[in-house]
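Thanks for making time this morning; I would like to walk through one model, a few residues at a time, and then step back to the chain. Please keep the structure open while I talk.

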Amino acid sequence: MTAVLEVRRLVKAYGGLTVLSEVSFAVGAGEAAAVVGPNGAGKSTLLHCVVGSTEADAGAVLLDGVVLRESSPVVRAAVASVLDDFDFFPDLAVIEHLDLYAHAHGGGEVDEVMAELGLDAVANQLPATLSSGQRRRLALASCFVRPRRLLVLDEPEQRLDAAGREWLGRRLKAEKDAGVAVLLATHDPVLRDAVADRHVELGTTGA
């Protein structure tokens, strides 16, 4: 069976400093892999290379056996991500933001996702008026209102309270049960142990 995501001998360097050195792993449908390593090990760099927002120097990233190209409509339809540079539409209210994401990707269930994430009360607010925790919930909601085969998440637990982290663990398990492949970097050992089927270990060098 072809893996949903396959990373083959990925290499990335900045200014002569090697951040990723021949990193290889695969994630199948209904599986989760957690990227682990100390600060500066290259976790965020790896995730950016996986989604195509950063170009690797060598190696390959494959989605369903085909080289992943960020500009491909197939990739854009299949990959949902929340990375460290997630941007909001500043002039759109929360519900408008999610409606746009759902419409653009042929998704739905906006009301259900908003209720699940506790965003109902701020549905008509602009992103700039939200707390940091609410903005994180909105970023995650942007993934869940659209179809997806691969979720790529960089520290998704960041700025969530205890209840939010418990919800996240349940939600990611439900994603796996639905056949979604999950790749996440997390510093939360409870979330990692609850969700991950395997670890992708990165070293101590990098950025």
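This is a predicted model: local features need pLDDT of at least 70, side-chain atom pairs count only at pLDDT 80 or more; totals for chains, interfaces and linings use all residues.

Glu22 sits in strand S2, which covers residues 17-27, where strands are DSSP runs of E with at least two residues, helices are runs of H or I with at least four, and both are numbered from the N terminus. Its phi is near 50°, a positive value in a residue other than glycine. Glu22 counts as partly exposed because its relative accessibility is 44%, given that buried means under 20% relative accessible area, exposed means over 50%, and partly exposed is what lies in between, with a 1.4 Å probe and protein chains only.

Residues are numbered from 1 along each chain as its sequence is written, and side-chain values use heavy atoms, with hydrogens and water left out.

Glu155 also has a positive phi, about 50°, although it is not a glycine, and its place is in the loop between S7 and H6.

Now to Glu157, in the loop between strand S7 (150-154) and helix H6 (162-177). What is the nearest side chain of opposite charge to this buried residue? It is Arg165, at 5.2 Å, and Glu157 has no salt bridge, a salt bridge being a side-chain nitrogen of Lys or Arg within 4 Å of a carboxyl oxygen of Asp or Glu. For charge, Lys and Arg count as positive and Asp and Glu as negative, while His and the chain ends are not counted. A polar atom of the Glu157 side chain does lie 3.2 Å from the backbone nitrogen of His187. Leaving aside residues up to four places away in sequence, Glu157 touches Arg165, Leu168, Ala185, Thr186, His187, Asp188 and Leu191, where contact means heavy atoms within 4.5 Å.

Two of those neighbours, Arg165 and Asp188, meet each other in a salt bridge, at 3.2 Å from N to O. This pair links distant parts of the chain, 23 residues apart, with Arg165 in helix H6 and Asp188 in the loop between strand S8 (181-185) and H7. Arg165 counts as partly exposed because its relative accessibility is 34%, whereas Asp188, at 9%, counts as buried.

Further along, Arg192 forms a salt bridge with Asp193, the closest N and O atoms being 3.4 Å apart. Salt bridges that share partners also join Glu116, Arg148, Arg171 and Glu175 into one network, and the structure holds 13 salt bridges. Asp193 lies in helix H7, residues 189-195, and is exposed, its relative accessibility being 55%, while Arg192 is partly exposed at 22%.

Beyond residues up to four places away in sequence, Ser142 touches Phe86, His97, Leu98 and Tyr101.

Finally, the chain as a whole. The secondary structure comes to 7 helices and 9 strands, and 46% of the 207 residues count as buried. Of the contacts with a separation of 6 or more, 70% are between residues 24 or more positions apart. Along its principal axes the C-alpha trace spans about 45 × 35 × 30 Å.

How values were computed
A polar contact is a pair of N or O atoms within 3.5 Å; within protein, one must be able to donate a hydrogen and the other to accept it, and residues adjacent in sequence count only if both atoms are side-chain atoms.
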